[in-house]
Amino acid sequence: MRKVFLLIAVIALTGVVFGQDRDGEIKTKLKTLKVTCNFHKAPLTDVISFLQDISGINMVLDKKCDKNAKVTLSVKQIVLQNALNLVASQCGLSFVVKDGAILFSSKGEADRYFAAYADRASKKALAAEGGSNKTESCIKAGLEWLSRHQNTDGMWDQDGFDNNCDTSEGSAACDGKGVAQYDVGVSALATLAFLGTGHTHKQGKYKKTVAKGIQWLSSQQQPDGSLGQRMSESWIYNQAIGTLALCEAYAMTRDSKLKEPAQRAVSFILNAQNRGLAWKYKPKGGLNDTSITAWMVQAIIAAKVAELEVDQSALDGAINWLDRVTNPSGKTGYMRPGDDGSVIRGVNEKHAKQPAMTGAAIFSRLLIGQKRDDPKVVKGVGVLVKNLPEWNRPKKDKVDFYYWYYGTCAMFQYGGEKWQKWNKAMKKALLDTQRADGCAKGSWDPVSKWGMVGGRVYSTAINCLILEVYYRNARLNKNK
Ligand SMILES: [Zn+2]
């Protein structure tokens with residue numbers, strides 16, 4: 001027998017706007033509608049239907065919610081959002097406003113993501129996963145180089161970072177300028193290199209560097225949530241990587257000042273997606289590619305870690321796209337099944353063909369939650385281990401930091417012996433190739449496939465991110 005039952009509801013509606021935007025109306029109600037209720041060990045469904053009746057808002061429990069979970073709630077005149085938070089926290093639920101309703105779901109998934117960045121500052125996983133003092137000292141030198149080459153306003157200037165070079169002791173200024181249209185994306189990548197090893201604008205030796213970086217990125221946000229000026233189509237990389245940095249910074253610090261810019265940036269991404277599929281340069285432009293999609297996936301996952309509002313169907317769309325461009329041997333293409341990826345003619349077409357898109361696909365699949373033993377994952381991993389990182393001197397045509405980033409992230413998420421094999425090759429390729437001389441000390445020469453676009457800042461930031469793999473993202477896929 002249920003024992004409940006004093007239900008009193010007093011409703012005060014203030015400032016509710018009945019506009020056309022149903023979700024907007026619901027969000028307004030959540031903040032303005034005051035409720036009084038008194039439940040004692042009442043079944044969750046009774047409490048939800050009571051709150052639904054007095055608010056006039058549809059409320060839906062997903063399949064995994066325990067509908068008979070018991071709720072005790074005795075409150076007077078509190079706003080609906082706080083009442084729902086109290087109900088949700090007792091039942092291990094979270095809720096979002098979507099499609100004209102409030103949807104409750106089990107927090108199991110949110111918790112899985114929430115722990116994602118927990119080991120960054122402590123580096124607990126470092127040794128067990130194959131990192132070492134040497135990987136850490138390279139990251140330290142890399143961050144120091146990045147910090148020395150940041151402008152005072154917080155930006156890393158692709159074609160002007162060398163204005164910050166120290167030539168006082170006869171050292172040459174650093175070479176390796178990148179392309180200015182990626183200032184936002186590369187500044188975001190540099191900021192991510194600090195976040196990835198536990199530095200935030202609140203903690204760590206580089207908190208001023210990170211604070212300036214985030215401040216500059218936020219200052220680039222346009223009224224529609226997009227980041228930076230659209231100087232070319234591939235501007236979208238700025239959006240994806242900038243959003244990832246804002247979401248990670250917010251997830252790690254929960255600094256309320258970052259919540260709104262991070263949400264607006266990720267909402268822009270969600271709105272730019274081709275329905276049921278993925279992304280390319282133009283928002284909702286009908287075309288898709290795997291490279292930008294993998295950055296979008298990372299940004300959306302970071303938003304989930306930050307408990308921002310995201311739509312799971314966006315990730316389902318990304319998987320649809322990856323399935324479409326993966327050939328039967330497990331190789332994922334850039335725009336067509338198993339193609340060899342993108343090149344700029346006359347610039348980087350002589351670089352060896354490496355399965356960067358397969359790395360991007362496997363990392364995305366495992367972040368989203370596909371099982372490690374899924375045949376597409378297993379076959380893709382098979383493609384990656386046949387193409388281990390190698391700094392092949394003197395030709396260096398196999399040097400491809402972009403591939404190594406995705407391959408490393410994918411193989412780490414996959415784990416096991418194949419990861420160990422990859423890790424050994426990756427360390428050999430990166431640890432002894434970092435510059436140790438003059439002002440360039442701590443950076444990597446931009447000799448990789450996309451080095452002439454991203455320059456020295458990109459090369460150094462992405463290689464730090466690669467070496468942070470041991471603790472940057474916990475393994476999100478526990479299904480193994
Ligand atoms: Zn320099």
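Predicted model: local features only at pLDDT ≥ 70, side-chain atom pairs only at ≥ 80, totals over all residues.
**The whole chain**

Start with everything shown as a cartoon. Along the principal axes, the C-alpha atoms fill a box of roughly 80 × 50 × 45 Å. Colour by burial and 47% of the 480 residues count as buried. If you draw contacts with a separation of 6 or more, 70% of them come from residues 24 or more positions apart.

Now select 58-61, 93-98 and 101-106, which are strand S2, strand S4 and strand S5. Together they make an open sheet in the order S2-S5-S4, with mixed pairing. S2 and S4 are the edge strands, each pairing on one side only. Neighbouring strands here are turned by 25° against each other on average, ignoring direction.

Zoom in on S4 and S5: they run antiparallel and are joined by six bridges. Show side chains for Phe95 and Phe104, and you'll see that Phe95 stands opposite Phe104 in S5. Then step into the loop between S4 and S5 to pick up Asp99. Asp99 isn't a glycine, yet its phi is positive, about 50°. Is Asp99 buried or exposed? Asp99 counts as exposed, because it has 11 C-beta neighbours inside 10 Å and the cut-off for exposed is 12 or fewer.

**A helix pair**

Next, select 290-305 (helix H11) and 356-368 (helix H13); they pack with their axes 9 Å apart, at an angle of about 25°. H11 and H13 are therefore roughly parallel to each other, and H11 passes H13 in a left-handed crossing. For the contact residues, show side chains including Ala294, Val297 and Ile301 on H11, and Ala360, Phe363 and Leu367 on H13.

Glu307 is another non-glycine with a positive phi, about 60°. With 17 other C-beta atoms within 10 Å, Glu307 is partly exposed.

**Last stop: a cis peptide**

Finish in the loop between helix H14 (375-385) and helix H15 (401-414), and select Pro394. The peptide bond joining Arg393 and Pro394 is cis, with omega about -5°.

Note on methods
Residues numbered from 1 in each chain as written. Buried ≥ 20, exposed ≤ 12 C-beta atoms within 10 Å, placed from the backbone. Contact = placed C-beta atoms within 7 Å. Pairing = 2+ DSSP bridges. Helix = DSSP H or I, 4+ residues; strand = E, 2+ residues; numbered from the N terminus. Axes fitted to C-alpha atoms, helices over the stretch in contact; angles between N-to-C directions. Parallel < 35°, antiparallel > 145°, perpendicular 65-115°, else oblique. Left-handed = near helix turned anticlockwise from the far one by under 90°.
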